[in-house]
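Here is a short briefing to read alongside the model. Have the viewer open and follow the residues as they come up.

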Amino acid sequence: MIDLENVSYTYPHTVQTALHDLSLSLPEGTCILVTGPSGAGKTTLCLAAAGILHHEYGGKKEGSVTVDGKNVSEYTGLSALAQKIGIVFDDPEAQMIFTTVEEEILSALEHRGLEAAVIEERLASIMQVTHLSELRNRSPHNLSGGQKQRVALAATLALGNDILILDEPTSELDEHATGRIVSILKNLKAQGKTILLVEHKFSHFREIVDTLVVMENGKISAMGTPAEIFADERLRKIVLPDFSGIRDLKPISGTSALSPVATSDPVISVQDLSYSYGDILAIDSLNLSIHAGEFVAIVGENGSGKTTLVKHFNGLLAPTHGNVLIGGKNTRQSTITDLARDVGLVFQNPDHMFFADTVREEVEFGLKNIGFSEGNSVIDKALEDVGLTHTKDLYPRWLSRGERQRLAIACVIAMRPPAIVLDEPTTGLDGIEARLVMEILKTLQLAGHTIIVITHNREIAQYCADRVILMEKGRIISDSAGGAR
């Protein structure tokens with residue numbers, strides 16, 4: 001259905017080749033899963049396969065891409081290609097333009113020119129299989145990251161295309177929601193649909209994958225059955241994250257500027273907290289204490305209130321009811337700048353944090369915000385701690401996804417907050433990158449920082465956290481020690 005032959009591509013205003021002499025065939029009715037380090041060219045491959053590079057992007061292009069036996073250059077535009085290919089991007093919000101979930105899906109169905117009765121029937125069916133019925137009247141932009149991904153997938157499924165290109169469709173989904181997507185794709189494949197899937201969760205998709213492709217530096221470094229790929233230990237570590245042994249890491253001298261704080265008082269105290277988005281109760285009478293030096297994993301399904309909770313720790317949200325105390329200070333009487341000295345927050349998408357022209361200036365930006373001067377040595381130390389000294393003069397958005405994640409961590413640790421909160425810090429990272437990030441966080445904990453991680457990755461909760469908090473419908477339903485010792 002899709003054939004790429006000797007495809008090379010360089011984005012405008014860059015010299016680094018994003019794709020280099022890449023050839024790949026996607027036969028009808030098959031599922032190819034593509035994985036590899038951030039910056040390997042996976043998203044660019046999706047754009048090339050969908051014909052988007054040819055019709056929407058400048059830059060230098062070589063080679064040929066054919067869809068259903070026809071070169072993409074022969075299609076009149078993306079609207080013609082959209083009759084063949086449905087695509088879900090790695091940023092689902094970029095695909096949403098309507099005010100409700102129902103309208104997003106209806107638009108795709110109406111685009112097909114179906115009769116009203118058929119549209120209603122298919123709308124109900126798609127809502128059911130993607131578990132969106134309860135969200136039909138919600139604004140897509142006010143949903144959790146995982147819920148947005150399901151909306152984007154539902155709208156794409158509504159188009160009824162024979163070819164699906166999915167760029168990390170489950171990166172923000174919990175275990176249950178990921179399982180639902182696997183089930184949907186399994187059924188679509190059984191119907192004869194052709195699927196190109198970029199994913200880091202290979203273990204979930206194992207049974208539907210015909211061919212596993214590993215990309216590195218714009219090239220396909222390995223391609224074959226999963227068994228053939230896993231025969232190579234290096235490739236196996238890229239595909240399958242391994243967090244075992246992280247809890248047993250020992251302190252490394254001089255890795256952080258913060259000394260452990262011996263105190264019985266909580267670093268974070270949440271007292272009868274409730275928070276509502278309009279009529280939607282997101283946090284319901286929640287109480288929680290987190291102490292210095294703890295490594296806490298907060299887990300739970302999409303929409304359970306995890307991100308809403310931690311946004312109260314640095315003043316991004318103010319309680320509807322109750323109080324949040326940070327180092328004994330009530331957040332209601334504190335500014336965001338003041339709270340940044342006590343709690344650093346690394347967003348799920350690190351790009352939301354970047355403003356400056358160089359990596360070094362990015363770290364400096366946060367220090368200036370809190371009035372910290374003479375920070376050259378602090379900046380150098382933060383970049384050294386996350387392994388980014390060699391990138392200090394580069395534009396932040398030129399870094400790979402894994403490097404940008406580490407830069408976001410550097411920006412926070414440079415400000416020396418006692419507590420560091422990270423929302424899904426391994427999203428979009430291959431196995432080697434994900435382990436590196438978790439080792440950095442463990443090192444920070446050993447130096448005295450309190451680490452709080454929101455994660456859907458059960459191995460992180462099992463092998464890295466000392467304490468696991470499970471949330472459901474805005475409440476804590478369990479609070480226990482980490483799993484593996």
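Predicted model: local features only at pLDDT ≥ 70, side-chain atom pairs only at ≥ 80, totals over all residues.

Residues are numbered from 1 along each chain as its sequence is written, and side-chain values use heavy atoms, with hydrogens and water left out.

**The chain as a whole**

- The chain holds 17 helices and 20 strands; helices (H or I, at least four residues) and strands (E, at least two) are DSSP runs, numbered from the N terminus.
- With a radius of gyration of 23 Å, close to the 23 Å from the globule rule for 485 residues, the chain is as compact as a globular protein of that length. The radius is taken over C-alpha atoms, and the rule is 2.2 Å times the number of residues to the power 0.38.
- The C-alpha trace spans about 70 × 50 × 40 Å along its principal axes.
- Of the 485 residues, 53% are buried. Buried means under 20% relative accessible area, exposed over 50%, and partly exposed in between (1.4 Å probe, protein chains only).
- Among contacts with a separation of 6 or more, 69% join residues 24 or more positions apart; contact means heavy atoms within 4.5 Å.

**Two nonpolar cores**

- A nonpolar core is a set of buried Ala, Val, Leu, Ile, Met, Phe, Trp, Tyr and Cys residues joined through side-chain atoms within 4.5 Å.
- The largest core has 46 residues, and Val101, Ile105, Leu132, Leu166, Leu185, Phe202 and Phe205 touch the most other members.
- Apart from it lies another core, of 45 residues, including Val363, Leu407, Ile420 and Val468.

- Helix α4 covers residues 101–111, and its buried residues are Val101, Glu104, Ile105, Leu106, Ala108 and Leu109.
- An α-helix has 3.6 residues a turn, so residues three or four places apart point the same way.
- The cover over the buried residues of α4 includes α5 (116–129) and α6 (145–158).
- Leaving out residues up to four places away in sequence, Ile105 touches Leu123, Ile126, Met127, Leu132, Ala154, Ala155 and Ala158.
- After α4 comes glycine 113, with a positive phi near 70°.

- Histidine 131, in the loop between α5 and α6, has a positive phi near 55°. Its relative accessibility is 42%, so histidine 131 counts as partly exposed.
- Glutamate 424 also has a positive phi, near 50°, and is found in the loop between β17 (419–423) and α16 (431–446). At 4% relative accessibility, glutamate 424 counts as buried.

**Two more residues to look up**

- Glutamine 147 is in helix α6 and counts as buried because its relative accessibility is 9%. Not counting residues up to four places away in sequence, glutamine 147 touches Leu132, Leu135, Asn302 and Gly303.
- Histidine 204 is part of helix α8 (residues 202–205) and is partly exposed, with a relative accessible area of 24%. Beyond its neighbours within four places in sequence, histidine 204 is in contact with Glu175, Thr178 and Val182.
- Histidine 204 and isoleucine 181 are 23 residues apart in sequence, with their C-alpha atoms 9.7 Å apart in space.
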